[in-house]
Amino acid sequence: GSASPAETSETLPRSDRHPRCPQVSSVQLAALGPACGICDAISTMMVFISVGTTNAVSTAVGGGDRAAAKRAASVSVTTSFAIGCVVALLLSLSIGPLIANLAAPAAVASTVARTGGDAAAVAVTTQLWAACETYVRIRALSFPFSLALMSAQASCLGAKDSLNPTLATLTASLVN
């Protein structure tokens, strides 16, 4: 027969048994929720880059002007990288004050209301928002590159090349 869950869990490697896989607390994992929400919302607001790039490149390609298409793609990738740098800088500088002045106080007030002021629950809530701030700052570093990649992919699609973005995405997924 098959092993019971208790028997199976004893045979599986645990993260605290391997030095490369440190134990991550549930608070740190919970902090990924708001951190991903913040960063994903910003990424969604940057979709204009893809739309504009695809339009500019496809218009040039449709008009038979490959040089204009290459210029549009080049300008778009460079501009996207610059926009990503600005977004990364602004996000890194503002996330601390935003959390300290808006998110954390509201979360702590909610925790106090739900728990009657339990000090441990308030401490966990405070730790969660501190971890969220760290995760957002780390992910902010990726914005210049992710926006440039978004623009490059849109350039390929505007040039009727869907194979290279697909292969690049597949390769990146495999490497990741």
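## Close-up views of a predicted helical model

**View 1. Arg-139 and Asp-40 meet in a salt bridge.** At 30% relative accessibility, Arg-139 falls in the partly exposed class, because that class lies between buried (under 20% relative accessible area) and exposed (over 50%), with a 1.4 Å probe and protein chains only. Asp-40, at 37%, is also partly exposed. The model is predicted: local features need pLDDT of at least 70, side-chain atom pairs count only at pLDDT 80 or more, and totals for chains, interfaces and linings use all residues. Residues are numbered from 1 along each chain as its sequence is written, and side-chain values use heavy atoms, with hydrogens and water left out. The N to O distance of the Arg-139 and Asp-40 pair is 2.6 Å. A salt bridge here is a side-chain nitrogen of Lys or Arg within 4 Å of a carboxyl oxygen of Asp or Glu. The pair links distant parts of the chain, with Arg-139 in helix H5 and Asp-40 in helix H2, 99 residues apart. Helices are DSSP runs (H or I, at least four residues), numbered from the N terminus.

View 2. Arg-137 is partly exposed, at 32% relative accessibility. The salt-bridge count comes to two.

**View 3. Helix H2 packs through its buried residues.** H2 covers residues 26-45. Its 20 residues should span 28 Å at 1.5 Å a residue, the expected span being 1.5 Å times one less than the number of residues. The end C-alpha atoms are 30 Å apart, which agrees. Val-27, Ala-31, Ala-35, Cys-39 and Ile-42 are buried. The buried residues of H2 pack against H4 (66-115), H5 (119-140) and H6 (143-158).

**View 4. The largest nonpolar core has 23 residues.** Such a core is a set of buried Ala, Val, Leu, Ile, Met, Phe, Trp, Tyr and Cys residues joined through side-chain atoms within 4.5 Å. Leu-91, Ile-99, Trp-129, Cys-132, Val-136 and Phe-143 have the most contacts inside it. H2, H4, H5 and H6 each supply at least two residues of this core. H4 gives the most, with seven.

**View 5. Ile-99 touches Trp-129 and Cys-132, among others.**

Notes
Contact = heavy atoms within 4.5 Å. Lists of a residue's contacts leave out its neighbours within four places in sequence.
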